Amino acid sequence: NRRITIRDLRTAKERGERWPMLTAYDMYTAEIFDQAGIPVLLVGDSAGNNVYAHTDTIPVTIEEMMPLARAVVRSAKRALVVCDLPFGSYQIGSEQALATSIQVMKETGVQAVKLEGGLPAVDSVHRIVEAGIPVMAHVGFTPQSVNAIGGYRVQGRGAQGEDLLTAALALEKAGAFSIVLEMVAADVAAEITKRLSIPVIGIGAGPDCDAQVLVWQDMAGMRSGAMPRFVKAYGDLRAGLTSAAKAFAEDVTTGQFPGEEHTYR
Ligand code: KIV
Ligand code: NA
């Protein structure tokens, strides 16, 4: 009943076993996903647009990530917990990237960190890994660079595909234990998955990756509005919570709640 390690994930790839990953930002989600057998939980900086009500991940700070990561670590007994390094906490250079990673490891108890970027991130990944901290890389569509990319655009099409493979190979060589491919053309993702010996985790990267990740609010049908193509909702939590809140409101306004059984005499 020990916690999942990066070695287990490598072994899974060797055996051709696929695995799921979900984001988690608090106690109950971490506890529930852990007990449901999700082996890797990501405290994503997607907290920016799923917890903190920003429109993207750019404003998220390390101070905002820390308490979420602590709650997830305390609540998940078996899952390997990964914490995203938010925008601005590692881009200045490998020194800053290492310092932030050390802080995250010491103050949250997560088992790994994750950062975005291709070739420019290679040095930082190398430094962090040398310090004994497992790093998950993230290429393709990288949300912290949404302004530079110019929107939510599929990556790796055409000649870009070769660059993506080059970056992925360099990140593997730098010591990353796994790599997320976000919104990457499926054929390119399949090729990268084949060429790398570390697990490749897809989100909008087609069916051939070693693992798949979704933001939990997307996976469970909590989010409202238009969904990206790569999302599949496996629940209807938004409808469930809405009807619970409405039923509670109705009972309170009509005097049905609290009943005798909820009352101290
Ligand atoms: O922050 C996040 O949720 C992520 C995943 C989508 C990979 O980076
Ligand atoms: Na992220």
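Mentor: The chain is divided into domain 1 (6-234) and domain 2 (237-265); such bounds come from an automatic or database domain assignment. Taken over C-alpha atoms, the centres of the two domains are 39 Å apart. Keep in mind that this is a predicted model: local features need pLDDT of at least 70, side-chain atom pairs count only at pLDDT 80 or more, and totals for chains, interfaces and linings use all residues. Residues are numbered from 1 along each chain as its sequence is written, while chains are lettered from A and ligands numbered from 1 in the order in which they are written.

Now the helices. Helices (H or I, at least four residues) and strands (E, at least two) are DSSP runs, numbered from the N terminus. Start with α4 (residues 62-75) and α5 (residues 94-108). Their axes lie 9 Å apart, at an angle of about 40 degrees. An axis is a line fitted to C-alpha atoms, for helices over the stretch in contact, and angles run from 0 to 180 degrees between N-to-C directions. So α4 and α5 are oblique to each other. Here are the cut-offs: under 35 degrees is roughly parallel, over 145 roughly antiparallel, 65 to 115 roughly perpendicular, and the rest oblique.

Which residues of α4 and α5 make the contact? From α4 come Ile 62, Met 66, Ala 69, Arg 70 and Val 73; from α5 come Thr 100, Val 104, Glu 107 and Thr 108. Contact requires C-beta atoms, placed from the backbone, within 7 Å. By class, this contact has five nonpolar, two polar and two charged residues. Ala, Val, Leu, Ile, Met, Phe, Trp, Tyr, Cys and Pro count as nonpolar, Asp, Glu, Lys and Arg as charged, and the others, Gly among them, as polar.

Helix α5 also packs on α6 (residues 122-130). The angle is about 40 degrees, and the axes are 8 Å apart. This pair is therefore oblique. Its crossing is right-handed. Ser 94, Ala 97, Leu 98 and Ser 101 of α5 meet Asp 123, Ser 124, Arg 127 and Ile 128 of α6. That gives three nonpolar, three polar and two charged residues.

Next come α8 (residues 160-173) and α9 (residues 186-195). Their axes come within 10 Å and cross at roughly 30 degrees. That makes α8 roughly parallel to α9. The crossing is right-handed. Gly 161, Leu 164, Leu 165, Ala 168 and Leu 169 of α8 touch Val 188, Glu 191, Ile 192 and Arg 195 of α9. Six of these are nonpolar, one is polar and two are charged.

Finish with the backbone. Most residues other than glycine have a negative phi, and most peptide bonds are trans. Ala 53 is not a glycine, yet its phi is positive, about 65 degrees. Ala 53 sits in the loop between α3 (47-50) and α4. Phe 257 and Pro 258 are joined by a cis peptide bond, with omega about 0 degrees. Pro 258 lies in the segment after α11 (237-253).

Methods. Two residues are in contact if their C-beta atoms, placed from the backbone, lie within 7 Å. A crossing is left-handed if the near helix is turned anticlockwise from the far one by less than a right angle, and right-handed if clockwise.
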